[in-house]
Amino acid sequence: MASVYKQEGKKNWFCAFAGPDGKRVVRSTRTTSKKSAEKIASRWEADAALRRAGVIDMTAERISQQSRRPIADHVSEFRASIESPGNSEKHVDDTMKIIDCVIDRESFAALSDVTIESLERYAKYLRDDFGRAPRTIQKHLAAWKQFTKWATDTRRLSTDPLSTLRTPNPEIDRRIERRALHPDEWPLLQAAALVAPDHACGITGPQRALLYELAIQTGLRQNEIRQLTRGKLHLQQSPPFVLLPSRSTKNKSPARQYVSTDLAERIVSYAKQRPAGEPLFVLPHESTVAKMIRKDLALARETWIDEVKGKQRKQRVQSDFLANANSEGQQFDFHALRHTCGAWLALAGENPKTIQTIMRHSSITLTMDTYGHLFPATESDAIRRLADRHFPSKKGSA
């Protein structure tokens with residue numbers, strides 16, 4: 001039975017009772033009235049007895065309490081849970097920006113405010129009002145699905161409100177189909193970049209030409225190139241290569257990407273001008289990089305068209321050569337340089353497994369789906385060899 005008493009030097013009454021686990025609990029009633037203290041003690045004791053008997057579900061009670069906490073408290077604790085060695089600082093920051101953005105737009109105050117309808121509404125806003133691609137929408141929704149799953153696993157929510165939320169498939173519903181550079185286009189793009197202005201993006205024309213060539217030879221993604229420093233260059237080795245640690249790559253595996261000796265020499269000369277530990281290339285914001293390379297491509301096309309007159313000029317104007325978008329709707333941006341790497345390897349007849357390794361594809365299926373149509377046609381030769389070996393010619397037979 002609960003007992004109430006006063007501790008020496010204290011004005012409020014204290015009570016002692018058996019807690020939910022059967023152990024003695026001592027708690028201040030925060031009242032100077034003995035009668036009120038006895039009522040409080042009886043209620044606490046009764047609640048503890050109901051919990052011991054299983055009448056009150058302690059898990060449900062915890063979830064109820066957690067759901068009433070400000071959502072900002074949960075967000076802070078969620079960030080701490082994903083700040084692990086396996087997650088880069090950029091990944092954590094990007095994830096939390098997405099979480100905060102949705103909270104602000106949908107005015108979430110508590111976890112109980114999060115519904116599948118609110119995230120579907122947010123996805124529609126990204127697509128219709130902001131023009132975001134399916135891959136970007138998928139990234140935003142995936143961050144929130146991770147957050148609500150964590151909240152459910154840690155007993156902050158009884159059920160995951162986003163467990164049935166469907167995310168777009170970027171492979172099926174692509175907004176942008178990229179085109180590779182034709183081998184004849186590259187020298188003209190390189191020449192245009194060398195003489196082009198800085199486009200107010202903080203990186204000179206010669207630096208851009210070097211950057212584009214590096215992207216084509218290595219297949220490195222934009223965010224991976226951003227993390228290249230002098231310490232990641234091994235260009236005086238034989239053969240020369242750049243090495244990115246697992247924390248800097250998309251698939252979280254180290255990337256050793258080889259380059260030609262000629263490009264290595266030019267990068268070494270350029271790298272001497274860059275401070276140690278600083279990025280090798282100071283690229284503009286992600287939203288500006290596509291505009292940057294498209295301006296260089298436009299200058300290359302304009303120069304190429306102006307080389308001729310009359311009927312030949314008209315033909316060049318109507319062609320896809322050096323165009324940002326071709327007649328099939330495929331577009332050119334910085335990531336298209338990576339696509340160019342794989343395409344040129346396929347056109348050269350390199351082994352698909354070699355291309356998979358260079359492109360760092362998760363499976364040979366992805367490599368073949370992306371570049372299989374570009375491999376030199378060998379079917380007729382294969383059938384001819386089969387026939388010569390197994391079906392020798394029988395001249396004169398009926």
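Visitor: How many helices and strands does the protein have?
Guide: Keep in mind that this is a predicted model. Counting both kinds of element, the protein has 16 helices and 6 strands.

Visitor: Is the protein spread out or compact, going by its radius of gyration?
Guide: For 398 residues, the globule rule gives 21 Å. The radius of gyration here is 32 Å, well over that value, so compared with a compact globule the protein is more spread out. As for the box that the C-alpha atoms fill, along the principal axes it is roughly 110 × 70 × 45 Å. So the answer, from the radius of gyration, is: more spread out than a compact globule.

Visitor: What share of the residues is buried?
Guide: Buried here means under 20% relative accessible area. Out of the 398 residues in the protein, the buried share is 37%.

Visitor: Which residues touch the most other members of the largest nonpolar core?
Guide: That core has 44 residues. Leu211, leaving out residues up to four places away in sequence, touches Phe281 and Phe334, among others. The residues touching the most other members are Leu211, Tyr212, Phe281, Phe334 and Leu337.

Visitor: How many residues are in the other core that lies apart from it?
Guide: Val75, Phe78, Met96 and Leu111 are among the members of this other core. Its count is 29 residues.

Visitor: How far apart are the centres of the positive and negative side chains?
Guide: There are 64 positive side chains and 47 negative ones. The centres of these two sets lie apart by 3 Å.

Conventions. Residues are numbered from 1 along each chain as its sequence is written. This is a predicted model: local features need pLDDT of at least 70, side-chain atom pairs count only at pLDDT 80 or more; totals for chains, interfaces and linings use all residues. Side-chain values use heavy atoms; hydrogens and water are left out. Helices (H or I, at least four residues) and strands (E, at least two) are DSSP runs, numbered from the N terminus. The radius of gyration is taken over C-alpha atoms; the globule rule is 2.2 Å times the number of residues to the power 0.38. Buried means under 20% relative accessible area, exposed over 50%, partly exposed in between (1.4 Å probe, protein chains only). Lys and Arg count as positive and Asp and Glu as negative; His and the chain ends are not counted. The place of a charge is taken as NZ of Lys, CZ of Arg, CG of Asp or CD of Glu. A nonpolar core is a set of buried Ala, Val, Leu, Ile, Met, Phe, Trp, Tyr and Cys residues joined through side-chain atoms within 4.5 Å. Contact means heavy atoms within 4.5 Å.
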